[in-house]
Amino acid sequence: MPSRRHLLLPAILALNAWAADHRGIVESDGLPIPGATVTARLGESVFQTTTGADGDYSFSSLAEGTWRIEIDMPGFGRVSGDVAVPDREQAQWNLTMEGAEEEAPADPEAPPAPKPGRPTVSLTATAPAPAVPAETESEELAASANEAVLVGGAEPAVRGRARAKYRGSAGFSLDNSVWDARPYSLTGREIDKPSFAKARVSLAFGGPLRIPKVLTGENTSFNLGYSGGRSRNWTRFVSTMPSELERAGDFSQSVQRGPVAIYDPLDGRPFAGNRLPASRIDPAAAALSRYLPQPNQPAQVRNYQYVAGVPQDSDSASLSVNHRVARRHRLSGRVSRFSSAGLRPQLIGVEDASDGRSWNAGLTWNYNIAPRLISAARLNFSLQRNRTIPYFAFRENVAEELGIAGTARDPQNWGPPNLSFTNFGGLSAANASRAANQTGTLSESLTWNRKKHNLSFGIEYSRRWMNRVADLNARGSMSFTGIATSGAGADGFDFADFLLGLPAASSVRFGGGDTYFRANGYGVFVQDDWRMASRFTLNLGLRYDYASPIREKHNRMANLAVAPGFTGAEPLLWPDTLVRPDRNNFSPRLALAWRPSLRRSAVVRAGYGWYFNSNIYGGVADSLAQQPPFARASTVATSADRVLTIRDAFGGALVRQIDNTYAVDPAYRVGYAQSWNVAVQQNLGSVLVGEVTYLGTKGTGLDMLRIPSRALPASVAPFIYESSEGNSIYHGASGRVSRRFSGGLTAQARYTYGRSIDNASSVTGSGAGWIAQDAFNLAAERGLSSFDNRHLVDANWQFSSGKRNSRLFREWMLSNTITFRSGTPLTATVLGNRADVAGTGVVGTVRADATGLPVRAGPGFFNLAAFDVPPLGQFGNAGRGTIPGPGMFLMNASVSRSIPLGEGRAIEFRADASNVLNRVNIAAIGTVVNASSFGLATAAASMRSLTLNARVRF
């Protein structure tokens with residue numbers, strides 16, 4: 001859910017690229033182009049080289065500045081563009097055959113124009129100061145401004161005469177467990193090394209397209225591509241499973257944060273010896289416990305590890321054709337197909353199957369209206385089919401056999417209900433589903449170059465069809481927290497509740513699973529790259545986007561109109577969308593590049609922009625579909641008036657006037673983020689460049705979830721309420737030092753300090769969204785973002801032996817990257833028990849109480865005594881993100897060599913190693929205070945792995 005619901009954008013820092021001396025690769029739709037002439041121009045300085053057998057080239061003696069790079073190859077059109085030296089990364093150039101699309105003026109004297117289309121945004125400012133004469137500075141500063149906030153790209157014209165030469169490549173990649181390190185064992189005992197292998201093949205072939213008496217190949221070219229993967233991916237689960245004694249109801253040796261004490265829910269007295277009488281064990285619970293695997297590790301906590309290798313296969317193929325209709329008209333088309341199939345393992349040792357396929361097609365018509373005015377019309381269409389088949393489907397009707405009422409009886413939904421525990425691993429499997437989604441997009445854009453202005457205009461329309469057949473929770477879900485067996489200040493025990501057949505809460509949702517969503521999208525933009533003066537460039541842009549709320553074709557969606565203060569709710573069965581449209585999504589962009597002095601290399605760049613999250617409506621539609629009266633939906637928490645049992649948790653709910661489980665504010669507004677940055681770059685000598693950057697991001701109108709059950713009348717079931725009241729703020733500063741490519745070596749290092757605060761990001765790591773623990777105190781949700789990284793250090797170097805005289809040492813490439821980051825913050829929570837706040841229906845999002853002791857103390861990851869379970873019926877007062885998570889250190893390395901095999905042919909070998917030092921990086925820690933795993937590591941990142949690659953070019 002965070003991926004679609006939140007606009008918290010500090011992750012934009014990942015877009016920061018580092019400067020490097022200019023190097024690049026020239027290809028044509030994935031095929032390398034050897035022998036192409038590469039020219040670098042800066043004022044009166046001109047350098048020239050040619051591409052090698054694998055399409056690569058390099059310049060190692062260019063002065064710092066923004067250079068014009070021109071690529072020429074017989075049979076292909078010229079491609080040119082501006083690059084900053086030292087530039088951020090290896091440049092990628094794509095040549096197009098004579099018949100391909102043309103996106104620049106036909107006039108060879110006309111300056112290249114930005115590529116028309118949907119504005120894209122780079123929130124970093126990394127282009128260095130242009131050390132060039134005044135008469136060329138304005139054009140170079142224009143490129144620098146675009147890098148502060150980039151709207152559009154650059155792709156010049158193609159010219160020339162196709163020659164009858166075909167090129168291709170074939171590659172192979174292999175990763176095998178034989179040379180990978182053994183996974184890290186969290187329990188301290190050696191585990192079996194998983195057996196897996198990953199192989200991938202890629203093929204490409206292209207050239208002039210000749211059809212006798214139809215096409216001569218002079219105006220038409222094609223490219224074919226295929227890639228396929230066959231693999232067995234390994235996966236590992238670490239959890240705690242109940243022992244034989246616990247399965248028999250004997251908890252005399254069980255521990256939570258201490259010895260377990262369980263109380264009889266009938267009279268409140270302790271069970272003798274902490275043992276359940278055999279007569280009290282629910283037969284349905286005993287039957288369901290057989291689906292939980294037995295412990296396989298000699299420990300009381302984290303006594304179960306499951307390692308498996310599961311197949312994952314994929315194939316993709318593509319064909320593109322470029323045709324020159326007339327001197328100023330070009331057509332290009334592309335069609336591709338992708339398919340995949342595999343298994344997804346579950347904690348309990350079963351595997352769900354899934355498969356999918358997709359088709360994509362596009363057609364582009366480029367028309368040079370005038371030498372400085374270009375039109376580009378594009379039509380794209382995509383079709384996707386996906387299917388999931390749960391392991392239990394069509395195997396066994398568990399609910400009917402055990403007498404569990406209120407679940408779906410369709411054979412594809414057979415299987416046990418999903419079970420979750422405080423101390424133990426749960427029982428879960430996927431839901432059966434089939435989906436067919438289609439998207440069509442039509443756009444038109446104009447690019448006009450006029451004196452000091454490069455103007456772009458565009459309009460876009462899209463239509464989406466999303467058809468799905470799925471019951472989102474057909475088997476139902478139950479949670480067991482220990483609340484039934486708690487009492488007299490003790491927490492109870494979740495598995496004791498389970499054996500007594502007493503869940504803390506239940507939910508189910510099925511019926512009306514065939515949904516047909518429809519949505520439209522509109523976009524208009526204008527931008528101006530204005531070279532105001534020789535040392536100052538301004539980039540202005542404005543975009544308007546409108547995404548209509550998604551409607552269901554048959555109007556089978558339901559919402560709730562909630563009274564002020566959540567004192568009541570009434571069903572809303574409006575036709576169409578149930579959420580009012582938000583038509584105020586104007587996104588301005590502003591960027592500048594300024595060189596204060598011709599005598600100094602310093603350059604200042606700055607940018608500011610707004611960005612809307614128009615994809616939010618997909619989640620809104622999912623939430624409002626499959627609601628009463630069109631489907632069966634229920635969320636119930638156990639209470640004195642209505643004690644839940646396993647058999648009637650779904651079928652014996654209280655009779656209510658309103659049983660909807662989800663509602664969205666009808667006045668929901670699309671959230672947006674404002675982002676701004678300032679960067680100053682300066683030479684630090686002949687080969688070193690330094691840069692300091694500040695980046696800020698503010699999110700407004702972010703998605704928030706709450707359960708306002710305390711104020712609602714008994715006739716209304718507990719429901720999740722979604723509104724756009726969240727917010728976030730990020731501030732970050734970074735410093736970078738880069739070494740320009742010289743003597744075959746380039747290197748760079750960067751340090752970033754940042755801080756992100758919000759009240760909306762998930763803290764559970766489950767991706768299911770964070771529900772505010774108190775619907776009437778949203779201020780208590782504000783804290784460090786769950787993805788906050790306070791410190792980040794990146795460094796890398798690359799060495800190229802070049803074309804040395806010795807055959808043994810030529811054409812080698814060595815590289816190494818090092819990353820260190822501080823941990824993301826964690827939040828102490830509790831699951832039910834004494835802390836359960838009656839009537840809220842909240843399970844898993846109630847925070848712990850802070851004891852006042854320091855969190856950073858003790859021998860473990862943090863001080864466990866700093867947190868405790870809140871008093872009965874009260875919310876915890878511990879803040880979000882108050883536990884420092886474990887940091888990460890990672891070193892990767894790569895070595896490659898290209899061996900020429902003659903004109904236009906070469907073979908390349910490469911080996912890539914990740915986590916080359918085989919360092920242990922803890923990925924997750926237990927943070928549930930009243931769970932046996934509290935404070936223990938629950939997951940570790942991958943250990944060292946090695947991948948071998950080979951590619952032949954011909």
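Tutor: This is a predicted model. In it, strand β13 (residues 220-239) pairs with β12 in the antiparallel sense, over twelve bridges.

Student: What makes β12 and β13 a pair?

Tutor: Two strands count as paired if there are at least two bridges between them. β12 and β13 have twelve bridges, so they pair. As an example, Arg200 has Gly229 in β13 as its bridge partner.

Student: How do you know that β11 pairs with β12?

Tutor: Ten bridges join strand β11 (residues 167-176) to β12, and the two run antiparallel. The cut-off is at least two bridges, so they pair. Among the bridge partners, Gly168 has Phe205 in β12.

Student: Why is Phe205 called partly exposed?

Tutor: Phe205, found in strand β12 (residues 197-208), has a relative accessible area of 34%. Buried means under 20% and exposed means over 50%. The value of 34% lies in between, so Phe205 is partly exposed.

Student: What is the confidence of the model?

Tutor: The mean pLDDT of the protein chain is 82, and 83% of its residues reach 70 or more. Over residues 97-140, however, the pLDDT is below 50, although this stretch has 197 contacts beyond near neighbours in sequence. Residues 149-164 also stay under 50. Where pLDDT is low, the predicted coordinates should not be read in detail.

Note on methods: Residues are numbered from 1 along each chain as its sequence is written. This is a predicted model: local features need pLDDT of at least 70, side-chain atom pairs count only at pLDDT 80 or more; totals for chains, interfaces and linings use all residues. Side-chain values use heavy atoms; hydrogens and water are left out. pLDDT is the predictor's confidence in each residue, from 0 to 100. Contact means heavy atoms within 4.5 Å. Helices (H or I, at least four residues) and strands (E, at least two) are DSSP runs, numbered from the N terminus. Buried means under 20% relative accessible area, exposed over 50%, partly exposed in between (1.4 Å probe, protein chains only).
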